[in-house]
Amino acid sequence: MKAIIVDDERLARMEMRRLLAAHADVQIVGEAADVASAKAMIEDLNPDLVFLDIQMPDGTGFDVLGQLADAPDVIFTTAFDSYAMQAFEANALDYLLKPIEHTRLASALQKIKPQPEAQERPMQRDSKIFIKDGERCWFVKLDAITLCESEGNYTRVYFDGNRPLLLRSLNQLEQRLDPSLFFRASRRHIVNLDHVANVTPSSTGALTLQMNDGLLIEMSRRRAAEFKQLMHL
């Protein structure tokens with residue numbers, strides 16, 4: 001399991017290396033000391049796990065995750081307990097307070113599921129994206145997303161009753177989504193096919209999709225023809 005340590009304090013990074021030496025299955029492939037270098041390193045090395053400090057000179061650990069297309073598993077490490085609720089709202093694996101104890105680290109590592117050797121492109125249904133909207137953060141599995149809706153250069157993501165804005169355009173997001181799971185229903189909408197509850201045709205050849213949460217998505221004749229072919233209707 002490849003891991004990256006992100007902490008602005010050199011001694012803290014050294015201590016994490018010392019603690020992880022007892023876990024032979026964890027391979028430390030890099031260290032970063034700020035938001036910018038952490039983002040670049042995660043994108044370059046594609047780790048399975050990131051030990052992520054929260055407060056850094058140029059931002060926070062949440063800022064790092066908010067800039068990533070894919071979210072690795074994350075264990076937050078910090079000297080402050082005031083971010084705990086935000087971290088768990090983000091569905092982080094764990095939240096370790098410094099100084100970190102051997103038993104707490106071992107407990108956190110037990111929560112990690114086995115990872116594939118390399119992440120496929122496009123993202124698969126069990127891939128996760130990180131969304132930061134204001135003070136709230138989420139790790140969201142793709143198969144939990146009902147709908148993606150364009151709002152200019154941003155995308156509103158619908159899942160589990162939440163509708164935060166993702167700092168990417170719908171076109172950018174579409175390039176990464178699994179086409180067997182997601183369908184471009186209109187210029188403004190991408191739907192999760194697993195969440196389509198009902199399909200209603202019109203006399204003009206268009207379709208209306210009703211999602212599991214009750215949302216209605218109007219589909220043009222051209223998109224409707226593609227949808228029928230895809231779904232063998």
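I began with the sheet and found an open one of 5 strands in the order 2-1-3-6-7, with parallel pairing; strands pair here if DSSP finds at least two bridges between them, and both helices (H or I, at least four residues) and strands (E, at least two) are DSSP runs numbered from the N terminus. The model is predicted, so I noted that local features need pLDDT of at least 70 and side-chain atom pairs count only at pLDDT 80 or more, while totals for chains, interfaces and linings use all residues. Residues are numbered from 1 along each chain as its sequence is written, and side-chain values use heavy atoms, with hydrogens and water left out.

The edge strands are strand 2 (27-32) and strand 7 (94-97), each of which pairs on one side only. Neighbouring strands of this sheet are turned by 20° against each other on average, direction ignored; axes are lines fitted to C-alpha atoms, for helices over the stretch in contact, and angles run from 0 to 180 degrees between N-to-C directions. Strand 1 and strand 2 pair in the parallel sense over 5 bridges, and I found Ile4 opposite Gly30 in strand 2.

Helix 1 (residues 10-20) lies across strand 1, strand 2, strand 3 and strand 6, at about 175° to strand 2, whereas helix 2 lies across strand 1, strand 2 and strand 3, at about 150° to strand 2.

Which residues touch the most other members of the largest nonpolar core? Among its 22 residues, they are Val6, Leu52, Val64, Leu65, Val74, Phe76 and Phe130. I took such a core as a set of buried Ala, Val, Leu, Ile, Met, Phe, Trp, Tyr and Cys residues joined through side-chain atoms within 4.5 Å, where buried means under 20% relative accessible area, exposed over 50% and partly exposed in between (1.4 Å probe, protein chains only). A second, separate core of 17 residues includes Ile145, Val157, Phe159 and Ile190.

I then checked the backbone, bearing in mind that most residues other than glycine have a negative phi, and most peptide bonds are trans. The peptide bond from Lys98 to Pro99 is cis, with omega near -5°, and Pro99 lies in the loop between strand 7 and helix 5 (102-109). Asn46 has a positive phi of about 50° although it is not a glycine, and it lies in the loop between helix 2 and strand 3. Asp160 likewise has a positive phi, of about 45°, and counts as exposed at 65% relative accessibility.

Finally, I went through the charged pairs: the whole structure holds 15 salt bridges, each a side-chain nitrogen of Lys or Arg within 4 Å of a carboxyl oxygen of Asp or Glu. Arg17 forms one with Glu31, the closest N and O atoms being 2.3 Å apart. Because Arg17 lies in helix 1 and Glu31 in strand 2, this pair ties together parts that are 14 residues apart in sequence. Asp63 and Lys132 meet at 4.0 Å, N to O; Asp63 is in helix 3 and Lys132 in strand 8 (residues 128-133), so the parts tied together are 69 residues apart in sequence. I also noted that Asp7, Asp53 and Lys98 are linked in a network of salt bridges.

Methods: Contact means heavy atoms within 4.5 Å.
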